[in-house]
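User: Can you walk me through how this thing is put together? I'd like to start with the overall layout and then get into the packing.

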Amino acid sequence: MEGAITHVSRRTALKGIAGLVLGVHLPGGSAKAQSGAAQIFRSDGTTARFAPNAFVRIGTDDTVTILIKHIEFGQGPFTGLSTLVAEELDADWSKVRAEHAPSNPDLYKNLAFGMQGTGGSTAIANSYEQMRKAGAAARAMLVEAAAQAWRVPAGEVTVDRGLLRHAKSGRQGRFGQFAEAAAKLPVPDNPPLKDPTKFRLIGREGAVKKLDAPGKTNGTALFTIDIREPGMLTVVVARPPRFGGKVASFDAAEARAVPGVVEVKQVPSGVAVYAESTWPAFKGRELLKVTWDDSAAEKRSSEQLIEEYRALSRRSGTVAAKHGDAEAALARADKVIEAEFVFPYLAHAPMEPLDGYLRWDGERALARLGSQLQTGDQETIAAVLGLKREQVQLETMLAGGSFGRRAQVSMHLAAELASVAKAIGPNRPVKLIWTREDDLRGGYYRPLFVHRLRGAVRDGRIVAWANTVVGQSFVKGTPLEGMLVKDGVDPTTVEGARELAYEIADFQCDVHTPNVGVPVLWWRSVGHTHTGYAVECFVDELLQAAGQDPVAGRLAMMAKAPRAAGVLRAVAELARWSGPGPANNRARGVAVVESFNSYVAQIAEVSAGDGEGPKVHKVWCAVDCGVAVNPDVIRAQMEGGIGFGLGHALYAEVALDEGRPVPANFDTYRALRIHEMPQVEVTIVHSSEKPTGVGEPGVPPIAPAVANALARLGHNRLRRLPVVRGMV
Amino acid sequence: MTAFQIRVNGHTHAVDVLPDTPLLWVMRDTLGLTGTKFGCGIAMCGACTVFLNGKPLRSCAFPVSELGDGEITTIEGLTGREAAAVQRAWIARDVPQCGYCQSGQVMSAVALLKEVKRPTDSDIDQAMNGNICRCATYVRIRAAIKDAAHALGA
């Protein structure tokens, strides 16, 4: 990846880091990766060679730069992965910088995916050992370089906060002094890692501050939308109003007449307007006259889909999990409790709508975007432009949120970006931007789901449970189908519903995955966005019918789920739980959900509110994510996950009207605002288990916790989200 | 295209743009001041918040032709003790997640503290509820505003 090297070197030079830097490469399991010594590369790029598994660069100015293989869009990998390296390196945190690694799956693949990408709350989990080893190797090489320079045994050299010392001789020096010498040494095969009791950054309160906070506070952080290059054209695309529609014909005369509009071209996704700047592009698109061919488009409304799903839910689907005989148990029960839950399509609506920059000369391309699946985006751009992957350099940009939106199974953004570049021809750099309307009406939603649940209780316990899930699969028909779908079941549709933390003797979960022409996608916490709600609301309802306390009743069924029970106990203690109430017109609801191997329980204190929907006053949250690498980032993700989950549960829905998405902007797709945000108190359960993710697991419990509280305020059990329907 | 003289961050700039161009795009595309962000285009999210004569303005829905001799301040030109206190508090609390809305949040918070020395929760709700944060960093925004007010000696 010479292109990537050049680019990294250029940026290094721009930052004014002088001289030589140390590239550390680690044994990566292949013979090639173990060959040779550490590479030296100069900041002017002249002798630059990028080493395999290069995660650490140390400048002669003592700066430690960590190359981050995961995109930073708020969930914290810049800080998290840097913490892992700096811990083992014994670096001075004030000298640590983070930047996105170039796109190169050989070096920077997600160890959980086999390709470069971020998702499933895997960033810390898959990097924990890898980044620590990178730091430990760099430390060992610096120690060896210092020992050789001082002619002392390496074992007598200590490192503390970026300072190498030899106590006996009183010698000391900083990393930068030894970076050049260290780079010439062999890389240790298996550098020893610290005993966790010796950690001074990992898990330590206040030990690190987020590396990206200053630039995100003074306006200097650079996002894709901020890219400006000479000769760059800004591009917007008019897309069909219904999914599956096509351009029949178009008249661009008026659009072309807008001063600043340069070109109008048909592209596979619609009609692209190219302009010298953003506003003429917007205006030109408004003036386009496009006739759409809707003959193959999806024309059903949400209400129609819901009726069809309801009908499907009345018969069993493909069995996803089963033990005992739920049907027989329900048939012999004194009373069967039944509930149907309806979940709308939801948009991710990250603050920065989708965008991308691409420069292409016919042979090589440079793409810059907030890429969440770099390898797929890179390959897609190459395919559209007729290049090899190696001819496409992809630079990952900071992104203004994602919530799943930037990880597209179809790679449709990369394809559209390359298509608009291709349509106008080489040497015309383009910046493609989506407006908020494009975003909210552009599909790739959290799918609409219907759950039908039936249960029975006996002697204070839940004894039978049957759950039929109906909803689209975003995996079906894609390259992921072969990897994920087993026995006709897409696990992302039933995760959280097919395996409960509760012991229930007779259990079944089955699923229908109807074909609907609405593009859908994972959305922060994926299947748990709806299964968490359906399961935790229905458990609560059954326990109420059984006369059980919501916390004690759950715990009584959780003997085989110790970590889930652990967070439930922890949150009950934090909130000083003494039952759901109500008291003083407020009630409390609880929910506990495991997602992505992290365990989160929440208690919400809720009142009926002032007519504009319920008021959530306070949320207590307990999380067990194994070793807590950055406690404050974990708390931040719980706070944010609670706000994200709550806002959608209360207010958000992308309704379809004869196939056309109804909301267009934040006036009709209501987002949680500051006065609707509850107080949040988080406790992190101490654990020495392997670390797991926190980007998504804060989301699922909040909606059922709120609904369960509302049920205790005399509200009917909430069967359909959002809570405040039709109130905008 | 129409020529305008506009005052931004203490400097006069001559720009030649379509007269209905929102101030946001003049700042971002013409002047290169990209700290102010686009989030909705209809003054519903606050990511584009700047000051017009010291008061918050949603620049995405404000045509440049309306500006006249008004003085614009963007995040790049933010100065003064309230600004310093807010930005310090933001970093101390590690407020930002994705960070995209935060220029607008900081602008609104500074405007609040210029008006109200010791804002209550209700003051904060009023001043800040035009600024959406999809990461929901609201808990920390609230705390950081109170920290900044405290640091300013209120």
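This is a predicted model: local features need pLDDT of at least 70, side-chain atom pairs count only at pLDDT 80 or more; totals for chains, interfaces and linings use all residues.

User: Good. Which domains is chain A divided into?

Analyst: Chain A has domain 1 (2–216), domain 2 (224–295 + 354–433) and domain 3 (302–346 + 444–712).

User: And how many residues does the contact take from domain 1 and from domain 2 of chain A?

Analyst: Domain 1 of chain A puts in 16 residues and domain 2 of chain A puts in 17 residues. On the domain 1 side, helix 1 (residues 2–14) of chain A gives the most, with three residues.

User: How do the residues on that domain 1 side divide, nonpolar, polar and charged?

Analyst: Six are nonpolar, nine polar and one charged on the side of domain 1 of chain A that touches domain 2 of chain A.

User: Now the sheet. In what order do the seven strands of the open sheet in chain A run?

Analyst: The order is 11-12-9-19-16-17-18, with mixed pairing.

User: Which are the edge strands?

Analyst: Strand 11 (261–267) and strand 18 (392–396) of chain A, each of which pairs on one side only. Neighbouring strands of the sheet are turned by 20° against each other on average, direction ignored.

User: What about strand 9 and strand 12 of chain A, parallel or antiparallel?

Analyst: Antiparallel: strand 9 (residues 233–238) and strand 12 (residues 270–275) of chain A pair over five bridges. If you want a spot to look at, Val235(A) stands opposite Tyr274(A) in strand 12 of chain A.

User: Which strands does helix 12 of chain A lie across?

Analyst: Helix 12 (residues 412–424) of chain A lies across strand 9, strand 11, strand 12, strand 16, strand 17 and strand 19 (430–433) of chain A, and runs at about 120° to strand 11 of chain A. There's also helix 11 (residues 374–385) of chain A, which lies across strand 16 (355–360), strand 17 (365–369) and strand 18 of chain A, at about 145° to strand 18 of chain A.

User: OK, helix pairs. Why do helix 16 and helix 20 of chain A count as roughly parallel?

Analyst: The axes of helix 16 (residues 528–545) and helix 20 (residues 702–712) of chain A cross at roughly 30° and come within 8 Å. Angles under 35 degrees count as roughly parallel, so helix 16 and helix 20 of chain A are roughly parallel to each other.

User: Which residues make that contact?

Analyst: From helix 16 of chain A, Gly532(A), Tyr533(A), Glu536(A), Cys537(A) and Asp540(A); from helix 20 of chain A, Ala703(A), Pro704(A), Ala707(A) and Asn708(A). Five of the contact residues are nonpolar, two polar and two charged.

User: Switching to chain B: at what angle do helix 3 and helix 4 pack?

Analyst: Helix 3 (residues 102–115) and helix 4 (residues 121–128) of chain B pack at about 130°, with their axes 9 Å apart. That makes helix 3 of chain B oblique to helix 4 of chain B. Their crossing is right-handed, and the contact residues include Leu112(B) of helix 3 and Met128(B) of helix 4 of chain B.

User: Last one: how many residues does the contact take from chain A and from chain B?

Analyst: Chain A gives 48 residues and chain B gives 45 residues. On the chain A side, helix 19 (631–651) and helix 8 (278–286) of chain A each give two or more residues, and helix 19 of chain A has the largest share, six residues. By class, that chain A side has 21 nonpolar, 15 polar and twelve charged residues.

Terms used: Residues are numbered from 1 along each chain as its sequence is written. Chains are lettered from A and ligands numbered from 1 in the order in which they are written. Axes are lines fitted to C-alpha atoms, for helices over the stretch in contact, and angles run from 0 to 180 degrees between N-to-C directions. Helices (H or I, at least four residues) and strands (E, at least two) are DSSP runs, numbered from the N terminus. Angles under 35 degrees count as roughly parallel, over 145 as roughly antiparallel, 65 to 115 as roughly perpendicular and the rest as oblique. Two residues are in contact if their C-beta atoms, placed from the backbone, lie within 7 Å. Ala, Val, Leu, Ile, Met, Phe, Trp, Tyr, Cys and Pro count as nonpolar, Asp, Glu, Lys and Arg as charged, and the others, Gly among them, as polar. Two strands pair if DSSP finds at least two bridges between them. Domain bounds come from an automatic or database domain assignment. A crossing is left-handed if the near helix is turned anticlockwise from the far one by less than a right angle, and right-handed if clockwise.
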